[in-house]
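Let's take a friendly walk through a protein model. Keep the sequence and the 3D view open while you read.

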Amino acid sequence: MEPSSHPPPFPVPDTDRALLGQCRVETFRSGGKGGQHANTTDSGVRLTHEPTGITAVSRSERSQHRNKAVALARLRRKLERRNERQSPRAPTSVPAAEKRKRLEEKRRRGRLKRLRREPPLED
């Protein structure tokens, strides 16, 4: 079996400040409800983790600081999920009863199709 194409693990920094140091921070207008306040304030935050390219976005809060904290928590979860190793799946065989059922279904379909054929011409 070939090796998994899982990316190599990336050490997730312990502190938010260190993790934020590895990110590109973009702010934007979050849109949606909020009227004048939402239309004038760049409260949406997008964090892009430079080494891995993983992004996290938050635009649910009215405060840019709260959105940055939420996006940072999401990014941390994504990085930790990326580092998890999944055990390889063990291949299983098809049970004999299932094989019999499949073959019987094929025979039944074949019989139905033969009945639909045009009858042979009689001389």
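Here is a short tour, from the overall layout down to single residues.

## Before you start

What you see is a predicted model, where local features need pLDDT of at least 70, side-chain atom pairs count only at pLDDT 80 or more, and totals for chains, interfaces and linings use all residues. Residues are numbered from 1 along each chain as its sequence is written, and side-chain values use heavy atoms, with hydrogens and water left out.

## The overall layout

The protein has four helices and three strands. These are DSSP runs numbered from the N terminus: helices are H or I with at least four residues, and strands are E with at least two. Reading from the N terminus, the order is α-β-α-β-β-α-α.

How much of the protein is buried? Of its 123 residues, 19% count as buried. Buried means under 20% relative accessible area, exposed means over 50%, and partly exposed is in between (1.4 Å probe, protein chains only). The protein exposes about 10200 Å², and carbon and sulfur atoms supply 50% of that; such areas come from the Shrake-Rupley method with a 1.4 Å probe, and for residues only the protein chains shown count as cover.

A contact here means heavy atoms within 4.5 Å. Take the contacts between residues at least 6 apart in sequence: 48% of them join residues at least 24 apart.

## The nonpolar core

Now look inside. A nonpolar core is a set of buried Ala, Val, Leu, Ile, Met, Phe, Trp, Tyr and Cys residues joined through side-chain atoms within 4.5 Å. The largest one has 10 residues: Leu19, Cys23, Val45, Leu47, Ile54, Ala56, Ala71, Leu72, Leu75 and Leu79. Strand E2 and helix H3 (64-83) are the elements that each give two or more residues to this core, and H3 gives the most, with four.

Leu75 counts as buried because its relative accessibility is 0%. Beyond residues up to four places away in sequence, Leu75 touches Leu19, Cys23, Leu47, His49, Ile54 and Ala56. Leu75 and Ile54 are 21 residues apart in sequence, yet their C-alpha atoms are 7.5 Å apart in space.

## A buried serine in a loop

Is Ser43 buried or exposed? Ser43 counts as buried, because its relative accessibility is 3%. You'll find Ser43 in the loop between helix H2 (35-40) and strand E2 (44-49). Leaving aside neighbours within four places in sequence, the contacts of Ser43 include Phe28, Ser30, Ser58 and Glu61.
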